[in-house]
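Me: I am new to this structure and would like a close look at a single part of it. Please keep the answer plain and connected.

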Amino acid sequence: MSLIQILQVIAALATVATGLFSLLAPRKVTGFTGLEPVGGRGVTEIRAVLGGLFIALGVAPFFLGSTAYRMLGIAYLAIAVVRAVSILIDRSAVRSNIISLVTEIVLGVVLVL
């Protein structure tokens, strides 16, 4: 297994870990997302989208192979582009947003290679 393949596996596992954390502790994601789950509906949304979707996206490459790694990378890069534009438009250049942006770019690049 090459270094890039190892990094891709780590990126996919990090995606799963993010999803599991969001699924199991939705009220604790505020620190790294800025999202405030309001009521049962807000908690459900965090569990479903940040939890379920991220788990599925992270697990998919283990079943579908290299194309799914690239798809996950494209998803991260798309999120990064939108986040970068939003940081400028919304004047939200706070530390957690910048960390998320850098993380998304790094994971995206690693996954599309």
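In which helix does Ser-100 lie? Please start there and then move on to the surroundings.

Reply: The model is a predicted one. Ser-100 lies in helix α5, which spans residues 95–112. The relative accessible area of Ser-100 is 15%. Buried means under 20%, so Ser-100 counts as buried. When neighbours within four places in sequence are left aside, Ser-100 is in contact with Phe-32 and Arg-83.

The loop between α4 and α5 holds Arg-91. Its phi is near 50°, and this is a positive value in a residue other than glycine. Exposed means over 50% relative accessible area, and with 78% Arg-91 is therefore exposed. Ser-100, by contrast, is buried.

Two packed helices are described by the angle between their axes and the distance between the axes. On the α1 side the contact is made by Gln-8, Val-9, Ala-12 and Thr-15, and on the α4 side by Tyr-69, Leu-72 and Tyr-76. Sorted by kind, the residues of this contact are five nonpolar and two polar, with no charged residue.

Tyr-69, one of the α4 residues in that contact, also takes part in an aromatic pair. A search of the whole structure finds one such pair. A pair of aromatic rings is described by the distance of the centres and the angle of the planes. Here the partner of Tyr-69 is Phe-62, the centres are 6.3 Å apart, and the planes stand at 80° to each other. Planes over 60 degrees apart count as edge-to-face, so that is the class of this pair.

Helix α3 covers residues 39–64, and Val-43 is found in it. Val-43 has a relative accessibility of 7% and therefore counts as buried. Setting aside neighbours within four places in sequence, Val-43 is in contact with Pro-26, Arg-27 and Pro-37. Between Val-43 and Ala-68 there are 28 Å in space, C-alpha to C-alpha, at a separation of 25 residues in sequence.

Key:
Residues are numbered from 1 along each chain as its sequence is written. This is a predicted model: local features need pLDDT of at least 70, side-chain atom pairs count only at pLDDT 80 or more; totals for chains, interfaces and linings use all residues. Side-chain values use heavy atoms; hydrogens and water are left out. Contact means heavy atoms within 4.5 Å. Helices (H or I, at least four residues) and strands (E, at least two) are DSSP runs, numbered from the N terminus. Ala, Val, Leu, Ile, Met, Phe, Trp, Tyr, Cys and Pro count as nonpolar, Asp, Glu, Lys and Arg as charged, and the others, Gly among them, as polar. Buried means under 20% relative accessible area, exposed over 50%, partly exposed in between (1.4 Å probe, protein chains only). Rings of Phe, Tyr and Trp (its six-membered ring) pair if their centres lie within 6.5 Å; planes under 30 degrees apart count as stacked, over 60 as edge-to-face and the rest as tilted.
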